[in-house]
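Please look over the structure below before reading the points that follow.

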Amino acid sequence: MASARKYPVGPLEYLRRWQMQAWLAAVGLFLYVPLIALMAFSFNDSRRNIVWKGFTLKYYDKAFHDASLIEAFGNSMTIAAVSTVVSLILGAMVALVLWRFRFPGKTVLDGALALPIVVPEICMGVAMLVFFARVMPWPQGLVWPLNLGAIIISHISFSFPFVAVVVRARMASFNREMEEAARDLGAGEWRTIVDVILPHMAPSLVAGALLAFTLSLDDFVITFFTAGPDTVTFPVKVYSMVRFSVTPEVNAASTILIVLTVILTAVALRLQGDPAVTAGHAPAADKS
Amino acid sequence: MSDKPPIITFENITKRFGKMVAVDNVSLSVQEGEFFSLLGPSGCGKTTLLRMLAGFETPTEGRILIDGEDISSVPPNKRPVNMVFQSYAVFPHMSVADNVAYGLKVDRVPAAERNRRVEEALELVQLGGLGGRKPDQLSGGQRQRVALARALVKRPRVLLLDEPLSALDAKLREQMRTELSTLQEKVGITFIMVTHDQDEALALASRCAVMNRGLLQQVASPNDLYEFPNSRFVADFIGTVNLFEGVLAVDEPDHAVIKSPEISTDIFLDHGVTGASGGVVWAAIRPEKIELHKRPEGSTAPSMGDAPPGANAVAGTIRHEAYLGGESIYEVEIGGGRRIKVKRSNLTRWDQEDFALGEAVWLCWHACSPAVLLS
């Protein structure tokens, strides 16, 4: 490192200029200080949670024994899991159709697919509310987890396009000769999908699943409009807790959620980094 | 060879994509054991023909027979042919051995036999011991060998090669050329290769089909294609050629003379021309068949001995020289702005110094050298 200093700063070595370094540091601070503060104050031994009074784990204990919080958390995880699986299947299939075939109305479908991504969430929320109130009322008083049906459906509707977009982008780099090679070597159509197309798609499926899961897990607006009185999700629960006061218990609950998301992301990145999964994009017309 | 039924027959194959005619009424047959090459400029329909044989395209009209059986309705995975793709299409998520084993696995070949055959195939393409590697740890040339082994391990009736050498650099291409032909001799499988590179086709193939704009132009051995082209397109596409448009002034059984306004000398031929019927003909002379001689002030045209004095010899001036090491290519102006390409081997280390830019020269050729083209 010390020897690198001897060389003058190159025209494209922006990161070796102090102005850029300062800017990066500022961005880092701006992004992470709130999160770190949130986590730190979850260990604060104070009801009011404004001044640091001392270290404690009692709010974690409290959060873990708060039955309604636990229930909301369970609901959220269930909704996220189910909507992820369905979005993944739906999204991947849409992506395959758009990648593979030409058909009338393809551009329309392509455009319509982006709608849930660009439409303001509040509009989606109202639309879902109207839909479940007028068009297809979701029966009340069902047993768990059927009572979550309305939320799950609305979550699928806004997260599967994200999966489709990610998978389609990945498929753009697929070398069609690979598929033909499998067919040529004796594989039927189904076998070709399983042996050649799916392995290529895998990283985008992981990324898409992660996106769908986190989107669902932290969605507040749309959930708020579709949730019944007896179906509370984690973000909605936190919101209602905050309305009374921001207690360290809320911080503790949020911290758990953050840690969970970070772990999930790390796992996904790890999987994506695996050369066995990601290796090989398009043709290899290259050096000897 | 010719009394055996052909292994592959294209019967009046036409392929249209919308309004575009990719392949236009092509009939062609390939004998067992041949190294057959489909040659033509890009977009001539050669790849489409190959893909129809593999089963990735269906002919609009006509039939394709393999061993006398119509395979038009057979899906690609059930055809007794295997293909080496232009991009090699080696599966990136499988090891080299798994790639080669793939076709056998799909066919449910028992593991013991499968492993043995994979091992053999890898040895055959000189990749023995690299079975555990992943494709991204291989060079381009090695990936191509994997693609070859993967296709050959299935012991196809016919191996199809789509521009097999186009992605390799010059040195490696030359090496793979030799290896491909040794490989074909060793396995004895019929090879059909698509290429736009005439050198590749001439060097490898036992027989070539030249295509242009979906039409079959000529099917012949490399030697015949080069020395006896049947049209200006083939003459020009295979190698380099000097073409002179003219009429047959004399046409006897044992000699003929072409007079062309493009060149001041008579083009004398030591054979008669059949089927000319007085129309326009073209004389095609290859650059290496023309001799260069110095032309001192006041000298007369040298005689080649097999043509009457004054014929097959023309005065010119060297206008351009391309020194290629082993040979030099001269562009010689013969009047009227017309330039002729002449190729000359650099037999000694001082050869290229003999003819400088602006030098006055005689160009002459033997009476057997020009090819007469009727179209």
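1. The bend at a residue is the angle between two axes, one fitted to the seven residues ending there and the other to the seven starting there. In this predicted model, helix α6(A) bends by about 30° at Phe158(A). A proline, Pro161(A), follows within four residues of that position.

2. How far apart should the ends of helix α6 of chain A be, at 1.5 Å a residue? The helix runs over residues 149-171, and its 23 residues should span 33 Å. The end C-alpha atoms are 31 Å apart, which agrees with that expectation.

3. A residue counts as buried here if 20 or more other C-beta atoms lie within 10 Å of its own.

4. Another pair of helices in chain A deserves a look. The axes of α3 (residues 67-100) and α10 (residues 234-244) of chain A come within 7 Å and cross at roughly 150°. On the α3(A) side the contact is made by Ser68(A), Leu69(A), Ala72(A), Phe73(A) and Ser76(A); α10(A) contributes Phe234(A), Val236(A) and Lys237(A). By class, five of these residues are nonpolar, two are polar and one is charged.

5. The mean pLDDT of chain A is 84, and 92% of its residues reach 70 or more. Within chain A, helix α7 (residues 176-184) has the highest confidence, at a mean of 93, while helix α12 (residues 275-278) has the lowest, at 46. Over residues 275-288 of chain A the pLDDT is below 50, yet this stretch has 35 contacts in the model beyond near neighbours in sequence. Where pLDDT is low, the predicted coordinates should not be read in detail.

6. Chain B has eight helices and 20 strands. Its C-alpha atoms fill a box of roughly 80 × 50 × 40 Å along the principal axes. Of the 375 residues of chain B, 41% count as buried. Among contacts in chain B with a separation of 6 or more, 63% join residues 24 or more positions apart.

7. Which residues does each chain bring to the contact, by number? Chain B gives 30 residues and chain A gives 23. On the chain B side, β6 (81-84), α2 (96-106) and α4 (140-152) each supply at least two residues. The largest share, four residues, comes from α4(B). The side of chain B that touches chain A divides into 15 nonpolar, eight polar and seven charged residues.

Methods
Residues are numbered from 1 along each chain as its sequence is written. Chains are lettered from A and ligands numbered from 1 in the order in which they are written. This is a predicted model: local features need pLDDT of at least 70, side-chain atom pairs count only at pLDDT 80 or more; totals for chains, interfaces and linings use all residues. pLDDT is the predictor's confidence in each residue, from 0 to 100. Two residues are in contact if their C-beta atoms, placed from the backbone, lie within 7 Å. Axes are lines fitted to C-alpha atoms, for helices over the stretch in contact, and angles run from 0 to 180 degrees between N-to-C directions. Ala, Val, Leu, Ile, Met, Phe, Trp, Tyr, Cys and Pro count as nonpolar, Asp, Glu, Lys and Arg as charged, and the others, Gly among them, as polar. The expected span of a helix is 1.5 Å times one less than its number of residues. A residue is buried if 20 or more other C-beta atoms lie within 10 Å of its own, exposed if 12 or fewer, and partly exposed in between; C-beta atoms are placed from the backbone.
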